[in-house]
Amino acid sequence: MIDGTVVDLSRTQFAATALYHYLFVPLTLGLSFLLAAMETVYVTTGKPIYRQMAQFWGKLFMINFALGVATGLTMEFQFGTNWSFYSSFVGDIFGAPLAIEGLMAFFMESTFVGLMVFGWERLSKGQHLAVTWLVALGSNLSALWILIANSFMQDPRGAAFDPTTLRMQLTSFQQLIFSPDAQSKFVHTSIAGYVTAAVFVAGISAWYMLKRRHMDLAKRSFRMAALFGVLATIGVITLGDALGFVAAQAQPTKLAAMEGLWKSEPAPMPFNLIAFPDQSLQKNAGAVQVPYLLSLLVTHSLDGTVAGIDALERQAAQKVENGIPVVQALQVLSKNPKDAAALAQFKAHEQDLGYGFLVQRYAPDLQHVTPQQVQRAARDSIPPVAAVFWSFRLMVGFGLLMLAYFVMAVIYTLRNRVQDQRWFLRAAVWMIPVPFLANETGWLVAELGRQPWTVYGVLPTWMSASTHSVGYMAFSLIGFVTLYSAFIVVEMFLMLRAIRHGPDGPGQHPPHAQQRPALAPRPVPAAAHDTHLEG
């Protein structure tokens, strides 16, 4: 059995690298489309200011893109180094979308990024615009295939376990790519990236307006970001509701944790606005509730109900008992794949195979499983409630804050008064970290809420990791955190230097440069003329 500390360190390392990487991804997704929009306005109107905007924000895009690639490459290698059993178990399914992402999206994106940066003087306006749109398309296609792979971990569709190979096999590529979780998550995540870019552009533009620098560029950039941002924020909140509805069907334990719902209740169900979940006692230590709201949010009806953790644990205990003979049959089939009795036993409850694996953590010998071990495994099927509950509320709170911010931004910018609202401009600068925090807390909801599974209901996390030593994992964790922290420092340094320098172009000056009026030539004394002539 794999050392539990190794599993925890493997999880921590992947979580750390993913959270670092996810600081870069949403900005790339959103800023690529904002660049395309700015350049489209330049090509259609011919106004040079929009070209200058596209070039300036493109410089910041490139800094973020380069460091995003650097932090993302190592993540795929971790599946082989730290999660070898997982890679063997689901590699035939999980590897397909990742391979397509590299061949279709990443290579396209990387190729056209070079043309976008170096092609301003070498391509026609229309050609360069097409290149910029292809960069935006490539970035978002890349996100699509990665999220398809991730969604298989959340809701494994289009695959089945083969008892003869002891691996998951792809049965329907269509079901894999068109699973409800994959499609709703892609749209939600992409639009969250658009919100991130809008807040980023608006915040830096506000800083320029506070400093009274590059006012034309700043005002136009702020207006585009505000309009883009308010639409994207409405979209991300609306589609977040759709994603929650999908989660209710595919991952009821995640939904129960998000809502801090320990006991099943009759409809209409109240929503826990604030609560303090206690997992050891399986209750909330105090809660502020909004009547009827949970039924409306999750089921879109006052008559709908949501299963509580008590009911989900009872269901899990039954699945554990069903899964035990499935794993026992699998052990026989691993030695004799043609054993008809074992195959029939496996087929009887193969959908509960993962729950049989879950109890093996406490009962390696499945011939002697106690009711206490079954109950312990059933309780393990519930994710960490407090972490999921509060991550979800922080994410939603950040989203509502950004919606209010963008509504005010649109009002001020359409009235052409934003440059005079210095309090609001200062607030816009301080808003820059908010979408990044929203993205990180959203990732925590998605991934912590999937626990204790790497593939929901099929493969438990405890048996997915590689058999490394604790020392090896601790050393690599420290190394990755140190390296990625250095990447963050480099990103901040390069971004701040580029922002302080400002956009290049006619009439733009470095921040400390002073424009001195041209001095009239001083008259030269006659004696000097005489001396010169005599010499």
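The following questions and answers go through local features of a predicted model.

Student: How many bridges join strand β1 to strand β2?
Tutor: Strand β1 covers residues 159-162 and strand β2 covers residues 167-170. The two strands run antiparallel, and D162 stands opposite R167 in β2. The number of bridges joining them is 4.

Student: Which residue in the hairpin of β1 and β2 takes a positive phi?
Tutor: The hairpin has 4 residues between the strands. A phi near 60° is found there, and the residue that takes it is L166.

Student: Is I274 buried, partly exposed or exposed?
Tutor: I274 lies in strand β3 and is one of the residues that make the nonpolar patch. Its relative accessibility is 35%. Buried means under 20% and exposed means over 50%, so at 35% I274 counts as partly exposed.

Student: How many salt bridges does the count come to?
Tutor: Side chains of opposite charge can pair when their charged atoms come close. The rule takes a side-chain nitrogen of Lys or Arg within 4 Å of a carboxyl oxygen of Asp or Glu. By this rule the count is 9.

Student: How many residues apart are R51 and E121, whose side chains meet in a salt bridge?
Tutor: The N to O distance in the salt bridge of R51 and E121 is 2.5 Å. R51 belongs to helix α3 (residues 48-81), whereas E121 is in the loop between α4 (84-118) and α5 (125-154). The pair thus links distant parts of the chain, and its separation is 70 residues.

Student: Is E121 buried or exposed?
Tutor: The relative accessible area of E121 is 66%. A residue is exposed over 50%, so E121 is exposed.

Student: Which helix holds R393, the partner of E259 in a salt bridge?
Tutor: The side chains of E259 and R393 meet at 3.3 Å, N to O. E259 is in helix α9 (residues 252-259), and the two residues are 134 residues apart. R393 sits in the helix of residues 385-414, which is α15.

Student: Are E259 and R393 buried or exposed?
Tutor: The relative accessible area is 6% for E259 and 12% for R393. Buried means under 20%. Therefore E259 and R393 are buried.

Student: How far apart are the closest N and O atoms of K347 and E350?
Tutor: K347 forms a salt bridge with E350. K347 is partly exposed at 45% relative accessibility, and E350 is partly exposed at 30%. The closest N and O atoms are 3.8 Å apart.

Student: With which side chain does the side chain of Q251 make a polar contact?
Tutor: Q251 is placed in the loop between α8 (215-250) and α9. At 1% relative accessibility, Q251 counts as buried. Leaving aside neighbours within four places in sequence, Q251 is in contact with Q154, R450 and Y456. The polar contact, at 2.9 Å, is with the side chain of K254.

Student: What is omega for the cis peptide bond that joins A267 and P268?
Tutor: P268 lies in the loop between α9 and β3. The bond joining A267 to P268 is cis, and its omega is about -5°.

Student: Where is P452, to which the peptide bond from Q451 is cis?
Tutor: The peptide bond from Q451 to P452 has omega near 15°. P452 has its place in the loop between α17 (433-448) and β5 (453-455).

Student: Is H214 buried or exposed?
Tutor: H214 lies in the loop between α7 (180-211) and α8. Its phi is near 50°, a positive value in a residue other than glycine. The relative accessibility of H214 is 10%, and therefore H214 counts as buried.

Student: What is the phi of Y292?
Tutor: Y292 is in the loop between β4 (283-290) and α10 (293-299). With a relative accessible area of 47%, Y292 is partly exposed. Y292 is not a glycine, yet its phi is positive, at about 70°.

How values were computed
Residues numbered from 1 in each chain as written. Predicted model: local features only at pLDDT ≥ 70, side-chain atom pairs only at ≥ 80, totals over all residues. Heavy atoms only, no water. Pairing = 2+ DSSP bridges. Patch = residues over 30% accessible without salt bridge, like charges linked within 9 Å, V, L, I, M, F, W, Y side chains within 5 Å. Areas by Shrake-Rupley, 256 points an atom, 1.4 Å probe, with all protein chains shown as cover. Buried < 20%, exposed > 50% of the residue type's maximum accessible area, 1.4 Å probe, protein only. Polar contact = N/O pair within 3.5 Å; in protein donor to acceptor, adjacent residues only side chain to side chain. Contact = heavy atoms within 4.5 Å.
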